[in-house]
Amino acid sequence: MHQLTLKQALEEVRKDGGSALIKALSARVSSLNPKLNAFLRFDPAVSVVRGEGKGPLQGLPISIKDNICIQGLETTCASKILKGHRPPYNATAVERLKNAGAVIFGQCNMDEFAFGSSCETSAYGVCRNPWDTERVPGGSSGGSAAAVASDMTLAALGSDTGGSIRQPAAFCGVVGLKPTYGRVSRYGLIAFGSSFDQIGPITKTVEDAALLMNVLAGHDEKDSTASSEPVPDYTKSLVRDVKGLRIGLPQEYFVEGMDPEVEKSVRQAAEVFKKLGAEIKSVSLPNTSQAVAVYYIVAVAEASSNLGRFDGVRFGIRASEQSLKDLYFETRDEGFGAEAKRRILLGTFVLSAGYYDAYYRQGQKVRTLIRDDFSRAFKDVDVILSATAPTPPFKIGEKLSDPLAMYLSDILTIPANLAGVPAMSLPCGFTSSGLPVGMQLMARPFDEPALFRAAYAFEQETQVYKKKPKL
Amino acid sequence: MPLDDYEPVIGLEVHTQLDTKSKIFCSCSTRFGCEPNQNTCPTCMGMPGSLPVLNEEALRLGIKVGLALNCKISERLKFDRKNYFYPDLPKAYQISQFDMPVNGPGWLMIELKGADGGLVERKIRVHRAHLEEDAGKLLHEGIEGASLVDFNRAGVPLLEIVSEPDLRSPEEAYAYLTALKAILQYLEVSDCNMEEGSLRCDANVSIRKKGETKLGTKAEVKNLNSFKAVQKAIQYEIERQAAMLDNGERVVQETRLWNDDKGQTFLMRSKEEAHDYRYFPEPDLVPFTLSAETVEAIRKTLPELPAARAARLAKNYGLSAYDAAVLVQEKPLANYFEDCLKSKANPKMVSNWIQSELLALLNLNKLTIENSPVKAEALAGLIALIENNTINGKIAKDVLPLMFETGKPAGEIVKEKGWVQVTDTKFIEEIADGVIEANPKSVTDFRAGKNQALGFLVGQVMKASQGKANPKLANEILVKKLQPQ
Ligand SMILES: [Zn+2]
């Protein structure tokens with residue numbers, strides 16, 4: 001029963017209200033989570049607290065990344081500094097799930113404050129990849145992706161600042177969607193890079209992603225960056241038809257150092273689309289090589305500011321220092337992990353007087369160039385296809401001591417966040433050693449329907465999603 | 001070098017609380033005097049995950065002030081984060097406006113008393129006026145070894161109005177603040193209550209040798225909680241900096257605190273310790289465009305402002321520019337004046353009675369015009385009694401304090417006290433006869449052409465009638481009686 005998709009579970013729940021399903025999944029979490037550490041907190045007693053609404057997700061368990069606020073439940077961003085913090089309110093995304101009848105089903109592990117590409121920087125232990133527990137599940141929504149991939153949950157919410165939904169979805173062989181910036185309310189998402197962050201679904205199938213997006217998307221008066229653009233019914237885009245769809249292959253995305261098996265998988269995917277009647281074109285996104293540098297300037301600048309509130313005064317841990325300055329220093333020294341400190345320092349530096357023009361302002365300019373790249377490319381094509389990550393999941397510890405190498409694992413996902421366009425990762429094959437490979441589809445702002453159409457056609461044609469990790 | 005050889009250069013930064021029902025980025029109440037942290041929510045507490053949403057009313061009020069100060073209203077609006085750590089700042093950044101303030105350059109007129117007693121106008125340029133959120137408040141009193149934080153003020157909308165360094169004396173600074181406060185009150189955008197923190201002021205003060213054009217090194221003085229304190233602190237700074245220069249020392253740029261009890265400024269932090277606020281655009285608030293129509297619609301809501309009202313009062317009622325300026329300084333005072341005129345009282349008399357007698361009584365009793373026990377209608381009643389000769393001006397000066405004390409109308413007091421002016425010619429003639437008889441020298445003097453003798457005799461008639469005689473009538477009767485037969 002744990003292998004059900006959201007869509008299949010809907011039928012199941014109609015029979016008995018879903019208690020058998022929750023029981024089966026709870027049992028699976030109990031047996032598997034000690035091995036994977038995908039859930040930071042999982043309390044079956046809490047999980048059976050039903051959503052109030054009689055909506056489209058009635059009785060369906062959905063797991064939540066630990067940086068999305070749930071009223072009254074400890075929410076920590078996998079950081080020591082927020083230990084014991086219980087938000088007094090629900091994130092809008094959680095509120096919408098509950099109103100749709102969903103059951104909040106555990107909180108998923110992540111990189112501390114979403115800073116990472118491997119789920120190794122969590123203050124509460126690394127999360128492991130269900131396909132190979134010696135490997136990382138990807139980051140930062142690694143817990144959400146691993147939980148879905150290992151059938152411990154039906155679906156999960158993640159957040160994506162530079163690829164944090166798509167890269168772990170690729171590493172774990174599931175579907176991950178980063179919606180257009182502003183499509184899903186960020187209210188209640190503990191901010192990393194405010195102008196990049198988006199909440200999105202991690203699911204077993206493209207169809208499930210559409211079901212969740214129907215609930216999550218839409219304007220929110222609590223978030224002034226949330227768009228009031230009307231929300232289409234995304235399930236209407238689930239048609240096996242890509243005839244005439246123009247798909248672009250960005251030449252700059254087939255980078256040096258890319259794993260040949262990953263490249264091969266993606267090129268094969270392009271062939272599948274071609275066979276299905278899509279038109280494959282080459283496109284250029286000339287400023288791609290600047291994306292990682294710009295991202296690590298602008299996103300960490302925002303992050304350093306967003307994390308200022310963790311000072312030991314109002315929530316989380318507080319060092320027992322007497323003087324104010326020492327209270328700040330010690331609380332932050334004890335509370336933040338190495339990667340968080342690295343990013344706070346970097347962000348503080350790029351914003352400081354005398355460096356602002358050279359870094360932050362310059363970064364914003366290049367960000368505009370990258371956005372322009374996309375607008376230009378989307379004049380010629382409807383969807384852009386690439387790999388999600390340049391390599392298959394790497395070994396735990398392999399890149400931890402080399403931050404730059406780690407940062408490069410988001411090289412293909414970061415541009416979509418810089419430009420604010422929607423992007424989806426879905427499984428497109430496996431390496432010879434059986435590790436999942438994900439491909440990325442990007443579309444014009446608010447054209448999630450194009451992503452669903454292309455992804456659904458590919459998924460139904462290839463049935464890659466049906467393969468499960470051996471656990 | 002004598003103090004007079006230096007020229008002070010002063011700029012003021014005024015923070016005014018905009019009078020909105022809810023805070024600038026959340027829907028919490030802005031009510032003053034609530035229990036600590038009663039008016040808080042996840043957003044103004046800076047809870048992780050919370051987001052700001054701009055209160056349109058705060059923006060509207062901010063633009064209203066900008067229009068009244070002749071500012072250039074920005075077409076494109078953006079907010080910025082000003083980052084610093086302090087326990088009363090929940091997010092460790094303040095949402096403010098850095099390089100694109102809603103209100104750009106503007107100006108306001110101040111009026112100073114000239115050497116000849118008339119008014120001299122000076123145009124003071126406003127550099128900018130931008131929106132921002134207030135911080136919370138630390139409570140130390142009665143707490144041993146700890147501090148408590150009250151976030152009720154956190155997120156209260158402020159407009160920071162920054163002047164150019166155009167002010168040249170503590171008096172000018174005072175006049176600027178008075179003029180600004182009057183404008184804010186006329187606009188009804190702020191109650192300008194300094195005790196409750198809804199109007200706060202920092203002063204940038206430097207001095208230079210007269211005739212120099214280069215600016216001297218400034219000190220910023222904070223913690224000024226009354227207009228008088230602003231004046232005193234600026235005077236203190238001028239003297240302190242002059243003494244330093246006279247001693248051959250250099251003034252250094254620093255932030256100083258004013259201690260009102262001691263009447264001195266103290267070093268708060270030097271330039272080296274100055275904050276690096278690491279400003280950057282607030283990503284949680286989307287920049288937006290302000291349409292010309294919106295601005296024009298707000299302009300249409302502007303009320304008559306103090307300067308226009310003073311001009312109207314002077315023109316319509318024949319008041320002097322000085323009197324009109326005094327009356328409009330506080331909107332309630334000008335309202336009171338115009339309310340008096342509803343009873344067709346003589347405007348000049350009303351103006352004089354308000355400015356000389358009524359304000360003195362109010363000051364003495366520490367009352368404002370709004371809670372004056374003598375309402376406009378009652379004052380008009382008193383003046384009517386003078387105009388129809390029921391009482392004379394001298395008696396009226398005794399009637400007003402009694403009205404003030406008892407709240408009774410003038411007519412009732414005059415009746416009770418039997419102060420009705422006597423216009424009975426026979427009665428005055430009898431008294432005049434007695435006075436003439438008792439003062440032969442004055443009579444002789446008057447007849448010899450010494451006119452001041454008449455004044456004395458009138459005074460004697462008034463005295464003998466216990467002030468009740470109509471002085472004009474007494475005058476006439478005496479003159480008639482003293483004509484050489
Ligand atoms: Zn609030």
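1. Salt-bridge count. This is a predicted model. Over all chains, the count of salt bridges comes to 50. The cut-off used is a side-chain nitrogen of Lys or Arg within 4 Å of a carboxyl oxygen of Asp or Glu. Side chains of opposite charge can pair when their charged atoms come close.

2. A pair within one helix. B:R60 and B:E57 form a salt bridge, with an N to O distance of 3.1 Å. Both residues sit in helix α1 of chain B, which covers residues 56-68. They are three residues apart, about one turn of the helix. An α-helix has 3.6 residues a turn, so residues three or four places apart point the same way. B:R60 is partly exposed because its relative accessible area is 28%. B:E57 is also partly exposed, at 32%.

3. A pair across the chain. B:E188 and B:K331 make a salt bridge, and their closest N and O atoms are 3.5 Å apart. Are the two partners buried or exposed? B:E188 is exposed, with a relative accessible area of 59%. B:K331, at 18% relative accessibility, counts as buried.

4. B:E254 and B:R240 meet through their side chains in a salt bridge of 3.8 Å, N to O. Here too the pair links distant parts of the chain, 14 residues apart. B:E254 is in strand β12 (residues 254-259) of chain B, and B:R240 is in helix α3 (residues 227-246) of chain B. B:E254 counts as buried because its relative accessibility is 10%. B:R240 is likewise buried, at 15%.

5. A network. Salt bridges with shared partners join four residues into one network: A:R186, B:R81, B:E282 and B:D284.

6. Cysteines. The cut-off for a disulfide is 2.5 Å between sulfur atoms. A:C119 has 0% relative accessibility, so the residue counts as buried. In chain B, the closest cysteine sulfur to that of B:C34 is in B:C28, at 11 Å, too far for a bond. B:C34 counts as buried at 15% relative accessibility.

7. Chain A overall. Chain A has 15 helices and eleven strands. Its radius of gyration is 21 Å, close to the 23 Å that the globule rule gives for 471 residues, so chain A is as compact as a globular protein of that length. Along the principal axes, the C-alpha atoms of chain A fill a box of roughly 70 × 60 × 45 Å. Buried residues make up 64% of the 471 in chain A. Among contacts in chain A with a separation of 6 or more, 76% come from residues 24 or more positions apart.

8. Helix α15 of chain A. This helix runs over residues 448-462. Why does its length agree with expectation? At 1.5 Å a residue, its 15 residues should span 21 Å, and the end C-alpha atoms are 21 Å apart. The helix is mostly covered, with eleven of its 15 residues buried. Among the buried ones are A:L451, A:F452, A:Y456 and A:F458. The charged residues A:E448 and A:E459 are also on that list. The cover includes β5 (175-178), α7 (206-216), α8 (260-275), β9 (383-387), β10 and β11 (436-443) of chain A. Just after the helix, A:Q463 takes a positive phi of about 60 degrees.

9. A:S425. This serine sits in strand β10 of chain A, residues 423-430. With 0% relative accessibility, A:S425 counts as buried. Which side chain does it join in a polar contact? The partner is A:T388, at 2.9 Å. The side chain of A:S425 also reaches the backbone oxygen of A:R166, at 3.5 Å. Beyond its neighbours within four places in sequence, A:S425 is in contact with residues including A:A169, A:A170, A:V174, A:V175, A:G176, A:G438, A:M439 and A:Q440.

Key: Residues are numbered from 1 along each chain as its sequence is written. Chains are lettered from A and ligands numbered from 1 in the order in which they are written. This is a predicted model: local features need pLDDT of at least 70, side-chain atom pairs count only at pLDDT 80 or more; totals for chains, interfaces and linings use all residues. Side-chain values use heavy atoms; hydrogens and water are left out. Helices (H or I, at least four residues) and strands (E, at least two) are DSSP runs, numbered from the N terminus. Buried means under 20% relative accessible area, exposed over 50%, partly exposed in between (1.4 Å probe, protein chains only). A polar contact is a pair of N or O atoms within 3.5 Å; within protein, one must be able to donate a hydrogen and the other to accept it, and residues adjacent in sequence count only if both atoms are side-chain atoms. Contact means heavy atoms within 4.5 Å. The expected span of a helix is 1.5 Å times one less than its number of residues. The radius of gyration is taken over C-alpha atoms; the globule rule is 2.2 Å times the number of residues to the power 0.38.
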